[in-house]
Amino acid sequence: MPDDHIKIGVSRGTPRGVISAPNILSLNPGPWFKTADTETYRSLYVGQLAKLGPMQVVAAIDKAAGGKIPVLCCYERAGGPDWCHRGYISAWLLHHLGLIIPEFGMKHIGFGGSHPMLPAKYRAPQAHH
């Protein structure tokens, strides 16, 4: 990761290989994250995001980044077989603030509703901007 980037945690624990990183607790999934099926997870996490102020969340991310480019991190590997709530965060921030948040190193694959870490059944065709 380039020196002008910083890892920002959005998971309930510290991701592998991350010794310490700021963590945005409001973006951590609830205690159901390991046991919920895909549809229940989507419903619960989207409901969690709906209770947050997107501008306040972005302000918290920016503050935690300290002038660097924030990279939201959790346990699921980008480009791996698993989906992850980072995709929901990307879709939420695009919907509410028009922010384009791609997966780090995968900008060409999609963002928002076409984010590569969304579950395939919820992923829209890639947006072209």
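I took a disulfide to be a pair of cysteine sulfur atoms within 2.5 Å. The bond is covalent and joins the sulfur atoms of two cysteines.

I am working on a predicted model, where local features need pLDDT of at least 70, side-chain atom pairs count only at pLDDT 80 or more, and totals for chains, interfaces and linings use all residues. Residues are numbered from 1 along each chain as its sequence is written, and side-chain values use heavy atoms, with hydrogens and water left out.

**Cysteines.** I searched for disulfides and the count came to 0. Cysteine 73 is in none; the nearest cysteine sulfur belongs to cysteine 74, 7.7 Å away. Cysteine 84 is in none either, with the sulfur of cysteine 74 as its nearest, at 3.1 Å. I then looked up burial (buried is under 20% relative accessible area, exposed over 50%, partly exposed in between; 1.4 Å probe, protein chains only). Cysteine 73 is buried at 12%. Cysteine 84 is buried at 2%.

**Helix α3.** I took helices and strands as DSSP runs (H or I of at least four residues for helices, E of at least two for strands), numbered from the N terminus. Helix α3 runs over 85-97. I checked its length against the expected span, 1.5 Å times one less than the number of residues. For the 13 residues of α3 that gives 18 Å, and the end C-alpha atoms are 18 Å apart, which agrees.

Which residues of α3 are buried? I noted His85, Arg86, Gly87, Tyr88, Ile89, Ser90, Trp92 and Leu93. Their cover includes α1 (38-50), α2 (54-65) and β2 (69-73). Just after the helix, glycine 98 takes a positive phi of about 75°.

**Histidine 85.** This residue lies in α3. Its relative accessibility is 3%, so I logged histidine 85 as buried. I listed its contacts (heavy atoms within 4.5 Å). Leaving aside neighbours within four places in sequence, histidine 85 touches Val10, Leu27, Pro29, Tyr41, Tyr45 and Cys74.

**Salt bridges.** My rule was a side-chain nitrogen of Lys or Arg within 4 Å of a carboxyl oxygen of Asp or Glu. I got 2 salt bridges.

One joins arginine 42 to glutamate 39, with the closest N and O atoms 2.6 Å apart. Both lie in helix α1, 3 residues apart, about one turn of the helix. An α-helix has 3.6 residues a turn, so residues three or four places apart point the same way. Arginine 42 is partly exposed at 25%, and glutamate 39 is partly exposed at 33%.

The other joins arginine 86 to glutamate 103, with the closest N and O atoms 2.6 Å apart. Arginine 86 is in helix α3 and glutamate 103 in the segment after α3, so this pair ties together parts 17 residues apart in sequence.

**Surface.** Areas came from the Shrake-Rupley method with a 1.4 Å probe, and for residues only the protein chains shown count as cover. Met55, Leu97 and Leu99 make a nonpolar patch of about 260 Å². Leucine 99 sits in the segment after α3. I have leucine 99 down as partly exposed, at 31%.

How values were computed
Patch = residues over 30% accessible without salt bridge, like charges linked within 9 Å, V, L, I, M, F, W, Y side chains within 5 Å.
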